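Good morning, colleagues. Please look at the sequence and the structure on the screen while I take you through a few of their features.

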Amino acid sequence: MTRWASFVVSNKRWVLSLAIVVVALSGVWGLGVFGKLSEGGFIDPGSEAAEVSSLVAGLGQPTPDIVAIYTAPEGKTIDDIAPDVAAVLDEFQTEYTVENVSSYWTANSAAKPFLVSTDGTKALATVTLGPDSGVTFANFGELPPKLVVPDVTSQFAGGSVVGVSFSTTLQSDLVRSEAIAIPITLILLIVIFGGVVAAAVPVFVGVLSVVSALAILRVLTTVTQVSSFSINVASLLGLGLAIDYGLFIVSRFREEMRAGAEPTDAAIRTVLTAGRTVVFSGLLLICAFAGMLVFPQPVVKSLGFGAMAAVASAAVLSLTAVPALLAILGQRINSLTWSRTASDRGEARAHKFWGGVVTRVMRKPGIVAAVIVAALLVLSAPILKVTLGEVDYTALPKDDPARVAVETLNTEFPTTGEGATVVLRGTDGQKPQGSPIADITRQAEAVDGIARVEFTGSADDFVVIQATFSEPSGGETEVESTSAAVSSLRQMTPPAGTELLVGGSRALVDDGNAAIAKWLPAMIAIMVISTLILLFLAFGSIVLPIKAVLMAGLSLGATFGVLTWVFQEGHGAELLGVTPAPLEATFVVLILAVVFGLSTDYEVFLMSRMVEARTSGASTEEAVIVGAQRTGRIVTAAALILIVVTGAFTISDLSIMRFLGLGMILALIVDATIIRMLLVPSLVKLMGEANWWAPAWMKRVHEKVGIGH
């Protein structure tokens, strides 16, 4: 670390110039990532339902990309508009390569009833694009307007339409949120630092981090599927963390300057202390997000990649561009301030305030710890009722055209075959015929929640039977009813010589959630074990890392308790404009990683200064006071800035992004104030000298790589 610090500072102008040029060039290239993102990836590719989807797709029964809903004008019937609809569909087929176009007007008598609304005023047409159509998510938005029939109300649903609506909303959210977050953050930093130049440095590295994260994501699109959600996660996390790291490093640099160090020495000392803390912080966060890579769903992996890209960008730039820029600025870091002593006065007030708070906490540490733990456990209680759901059209704004169209389909049209897909496959390679098909059909018809069962197709060694869901009864929700039906279908006894597989949209969701539940312990194990190892190395203690993990657990419990109470149980949901529903599994995993990472992140910031003080000979109480005084203002400011940056999620038009934003705000408030500045000092006081105990071999390792050395 010493060699790196000396190299960066000695070649400060080259390092800064190279960082800016590399980031700028990669950023221009990285903007191309927006045309290469995926809207899918939520299913477990190795699941039973995914296998069924693959088999059925081979029968030439693909899901339509666009479902057009045409409403007859006042005074006309749907038969009257048939020529106009036919003309538009014919024109569309001459312009685009399509695999299939069908409609109410061309369907056979068996299908017609399912393609007309219950009041007879609306009818459907479906479009399935060909594999060589040349249409991508980047230009898909051009298609629906070309299916509009003049003087006929036209609505458009379908998986691709909803997916594009998600992507478009996410891009507009990203631009809007950063346009709001960056100016507010700059103003906050000016107030915190008491000067424009010092405030501009973290914002500068934040912008560089966002740009570089986009380039990393584009690289990832060449080797794996990357979800459009990862862009927002990477951009806002990169911005927030880079600004936090910049805040931490600039504060330490100014502290060294106030102590009389020359700019070069101050920059080197900053890298060796605050820079080392940033290294451990970045590694902790990367390990937390690396746990997401164990899940089979591509969307979860891509969110993990996006978050890791953000952390890596923020950490690397904080260890290169920031110290190089500080070494160049020197005393000018305090320029453009309304008062030369503003920063010093602010630090003095912070030292007095946080020193006083911690001193009072340590007078009655047992009471403080008991009250806080009890309160956090109460907030965690709703977790006992949590259920997992999926991302669907209800996450879109209520007035979004795609959502309105899907709701029209669901409420005004009879079922179009939504149900479970049953595949009966011969174990001897032969297609089942006769009695085996009749047997499984009878069993399916007897399942609660199934309205009708019909044969829909076959291949060389299997047949496909569609089991359509009935309306929920007995107070069950639709999700509960359909999930129970899928489970019952899977428990049917396959006839001799056959294998039974059950798929369909509900089965895909259930299998995906089951995969989340299956791999969640592995993710938690990766996060906990890697965190313990890194914190052992950082602090040279066994007790402090264990305490940090337990504190992160309390923070997670309180956060998810409140999220369950609001987003699932619906308390205050109307204020956020969201529809109460089970928590979306993918974003539960993401928040788990983010909250755990940020929780241990703030632990590193606080404990690093305590360890430094302890290494210099301070007692346990003195080390706690010094740590709180030195980091109280910075940790609070860092949390406030992250709240502003991630709070931009809460103004998103997507309810799942509000879920993510509110979750991070709750976690930041709990971590940066209640846990870090109240609970941690009280527990450190209660544990006394035990805080610093470790075997001799760990002490020797810590002397080489630990933060305090």
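Let me begin with a definition: two strands are said to pair if DSSP finds at least two bridges between them. Helices (H or I, at least four residues) and strands (E, at least two) are DSSP runs, numbered from the N terminus. The model is a predicted one, in which local features need pLDDT of at least 70 and side-chain atom pairs count only at pLDDT 80 or more, while totals for chains, interfaces and linings use all residues. Residues are numbered from 1 along each chain as its sequence is written, and side-chain values use heavy atoms, with hydrogens and water left out.

Four strands form an open sheet in the order β2-β3-β1-β4, with antiparallel pairing. Since β2 (98–103) and β4 are at the edges with a single partner strand each, one side of each is left without a neighbour in the sheet. Strand β1 (residues 66–71) pairs with β4 over five bridges, and Ala68 has Phe156 in β4 as its bridge partner. Of the five residues of β4 (residues 153–157), four are buried, where buried means under 20% relative accessible area, exposed over 50%, and partly exposed in between, with a 1.4 Å probe and protein chains only.

Finally, the salt bridges, defined as a side-chain nitrogen of Lys or Arg within 4 Å of a carboxyl oxygen of Asp or Glu. The structure holds 15 of them. In one, Lys146 meets Glu95, with the closest N and O atoms 2.4 Å apart. Lys146 belongs to helix α5 (residues 143–146) and Glu95 to helix α4 (residues 82–95), 51 residues apart. Lys146 is partly exposed at 36% relative accessible area, and Glu95 is also partly exposed, at 42%. Another salt bridge joins Arg425 and Glu499, at 3.2 Å from N to O. Arg425 lies in strand β6 (residues 419–426) and Glu499 in strand β9 (residues 498–503), so this pair ties together parts 74 residues apart in sequence.
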